[in-house]
Protein chains: 2
Amino acid sequence: MKVSLNQKILSRNDQCALNNRDYFAKNGTLCLNVISSPGSGKTTLLARTIQDMQGRLTIAVVEGDIRTDHDAQRIRQTGAEAVQIETEGACHLSAGQVGTALRQMKAKEKDVIFIENVGNLVCPSAFDLGEAGRVVLLSIPEGDDKPAKYPGTFAGAEIILINKIDLMDYIEFRLERVLADIHAVNPDATVLQVSATTGQGLEAWYDWLIDRRKAAAQRS
Amino acid sequence: MKVSLNQKILSRNDQCALNNRDYFAKNGTLCLNVISSPGSGKTTLLARTIQDMQGRLTIAVVEGDIRTDHDAQRIRQTGAEAVQIETEGACHLSAGQVGTALRQMKAKEKDVIFIENVGNLVCPSAFDLGEAGRVVLLSIPEGDDKPAKYPGTFAGAEIILINKIDLMDYIEFRLERVLADIHAVNPDATVLQVSATTGQGLEAWYDWLIDRRKAAAQRS
């Protein structure tokens, strides 16, 4: 009984995810689901990416937070479109919420739509939002044990950004251990070392993003 | 139908929490549920607290992680007893899991039992484990917007430790904003600024802990 109810809930999310995925494919829009702990630097990365890609990629953001619309405001300050979803306690975004947000923006005109999920390294990875791929951030201050402790989230990522690399001098962090633990659960993931604050390493991220968007547009 | 099922699940957790709470009260043990994002410094704080309190408080730890027993191993290196619960994907500990862990340790002989919850700033706050109070950690690199974005977790804390205060020189963090946002949702919380790595500010935490344990013992 409990299982069948869970399946029903899951399939409703998966149906909405399918609709979102169709919509993105039809328009040649690359949709990326951005997942990390609270405070890993998701919003800083997205705001800087929008600014640095101006004239090259048209980007919008669906923002998920339990409370406040601070992050959508930060994105709008770059001139980009952003829709905030306040989950009011829920620990992850659902595909239905994302679908509603898409109808509130000029989604068809965008090259890339980022979904910034609720800051949570666990639950968001269990819910398909209709994205083409997942971007997982791990920031240096969080510690080098996280890929081993949260293998499911790292296994589901297409690209993993090791962020706040500028703090390496002040914090003990065994990069080799992180790279080995990621490789054990996800040998195909692209792994980049970046600092969204200083800009270090972002060129490789932008190259990846442009290539990935080109592939999405060609498939549509 | 969905609501009644949820209630049934909740009441099973609450029944186990009641059992745990009775058990702690009977033995005069102070049980604290430690909640934070991944990488805020929970294990570092607990390992240091155990060492610094040696001869003054007998402490044990119930460790919750999705995968690995690294944290329990770190605690055992201090000489203290630790039981690891691997939740295998679940985003929080349940009261039943804690009850099982208590039966695997000499819980009656302890002055303080810490439950280090799964690193997650959302879900653990919805589950009573039978603790006397909650310790919430917020670390400087996570950013000063977290109490506003995760009000439920901060509202439920008896004490809030602003950790990694030694990184203040390298990271933009508006402490005034954090203190105001915490006060708005939880005016009664004790708020301390600490560094579990350098030891800064820990004396106030130890004083609080000793007083709080004394109160728990007197009530038993």
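Which strands of chain A does helix α8 (residues 202-219) lie across? In this predicted model, local features require pLDDT of at least 70 and side-chain atom pairs count only at pLDDT 80 or more, whereas totals for chains, interfaces and linings use all residues. Residues are numbered from 1 along each chain as its sequence is written, chains are lettered from A and ligands numbered from 1 in the order in which they are written, and side-chain values use heavy atoms, with hydrogens and water left out.

Helix α8 of chain A lies across β1 (30-35), β4, β5 (133-139), β6 (159-163) and β7 of that chain, running at about 135 degrees to β1(A). Helices (H or I, at least four residues) and strands (E, at least two) are DSSP runs numbered from the N terminus; contact means heavy atoms within 4.5 Å. Axes are lines fitted to C-alpha atoms, for helices over the stretch in contact, and angles run from 0 to 180 degrees between N-to-C directions. Helix α4 (residues 95-103) of chain A lies across β2, β3 and β4 of chain A, at about 145 degrees to β3(A).

The strands of chain A form an open seven-stranded sheet with parallel pairing, in the order β3-β2-β4-β1-β5-β6-β7; two strands pair if DSSP finds at least two bridges between them. Because β3 (81-86) and β7 (190-193) of chain A stand at the edges with a single partner strand each, one side of each is left without a neighbour in the sheet. Neighbouring strands of this sheet are turned by 20 degrees against each other on average, direction ignored. Within the sheet, β2 (residues 59-65) and β4 (residues 112-116) of chain A run parallel and are joined by five bridges, and A:V61 has A:F114 as its bridge partner in β4(A).

In chain B, strands β5 (residues 133-139) and β6 (residues 159-163) pair in the parallel sense over five bridges, with B:I160 of β6(B) as the bridge partner of B:V136. Helix α7 (residues 175-185) of chain B lies across β5, β6 and β7 of chain B, at about 165 degrees to β6(B).

The axes of α2 (residues 42-52) and α8 (residues 202-219) of chain B come within 11 Å and cross at roughly 70 degrees. The contact involves B:L45, B:R48, B:T49 and B:D52 of α2(B), together with B:L202, B:W205, B:Y206 and B:L209 of α8(B).
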